[in-house]
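Subject: Structure handover

Hello,

Here is the structure to be handed over, with notes on what was found in it below.

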Amino acid sequence: MRALALALVLPATLAVTQTISVSGGDRNNAPYYTFDGVFVAPTLVVGTTYEFVDGGVSGSHPFRITGATGRLPITITVEAGVAPEYYCAKHTSMKATFTIS
């Protein structure tokens, strides 16, 4: 009796989207927004896709990400060597860069 061999082929990386809730908007204190309930900007991982969703962003401080179009929800995939910036569409002083790893 012969054994039947099966091969399972998986992609090198499985695409997973992580959702991050953005809220608040504080013009005077970096990181300016709250991410997933914490007033600290998350460290983003190269190759990971993130969906930033509105968790209560102030209308006075619309959240944007450089290179992405439109309002929340915003979806980005982090590339090596490219640290995305986020900013308030109404206040140029409210700008910061995500840390990537």
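Ala83 touches Thr97, Phe98 and Ile100, leaving aside residues up to four places away in sequence. This is a predicted model, and the contacts and angles in this email are to be read as computed from it. Ala83 sits in the loop between strand 6 and strand 7 (85-88). Its C-alpha lies 9.4 Å from that of Ser101, while the two residues are 18 apart in sequence. Ala83 has a relative accessible area of 35%, so it counts as partly exposed.

On confidence, the mean pLDDT of the protein chain is 89, and 85% of its residues reach 70 or more. The stretch to set aside is residues 4-10, where the pLDDT is below 50. Beyond near neighbours in sequence, that stretch has zero contacts in the model. Among the elements of the chain, strand 2 (residues 34-35) has the highest mean pLDDT, 98, and strand 9 (residues 99-100) has the lowest, 95.

Next, the sheets. Strands pair through backbone hydrogen bonds, in either a parallel or an antiparallel sense. Strand 7 and strand 8 run antiparallel and are joined by three bridges. Within that pairing, Tyr87 has Lys95 of strand 8 as its bridge partner.

Strand 6 (residues 74-77) pairs with strand 4 (residues 49-57), also in the antiparallel sense, over four bridges. In this pair, Tyr50 stands opposite Ile76 of strand 6. Which residues of strand 6 are on its covered face, and which on its uncovered one? Ile74 and Ile76 make up the covered face, and Thr75 and Thr77 the uncovered one.

Most peptide bonds are trans, and most residues other than glycine have a negative phi. Against that background, these are the exceptions I would list:

- The peptide bond from Ala30 to Pro31 is cis, with omega near 15°. Pro31 belongs to the loop between strand 1 (17-24) and strand 2.
- Leu72 and Pro73 are also joined by a cis peptide bond, with omega about 5°. Pro73 is placed in the loop between strand 5 and strand 6.
- Tyr32 is not a glycine, yet has a positive phi of about 75°. Like Pro31, Tyr32 is in the loop between strand 1 and strand 2.
- Asp36, again not a glycine, has a positive phi of about 50°. Asp36 lies in the loop between strand 2 and strand 3 (43-44).

Regards

Note on methods. Residues are numbered from 1 along each chain as its sequence is written. This is a predicted model: local features need pLDDT of at least 70, side-chain atom pairs count only at pLDDT 80 or more; totals for chains, interfaces and linings use all residues. Side-chain values use heavy atoms; hydrogens and water are left out. Buried means under 20% relative accessible area, exposed over 50%, partly exposed in between (1.4 Å probe, protein chains only). Helices (H or I, at least four residues) and strands (E, at least two) are DSSP runs, numbered from the N terminus. Two strands pair if DSSP finds at least two bridges between them. Contact means heavy atoms within 4.5 Å. pLDDT is the predictor's confidence in each residue, from 0 to 100.
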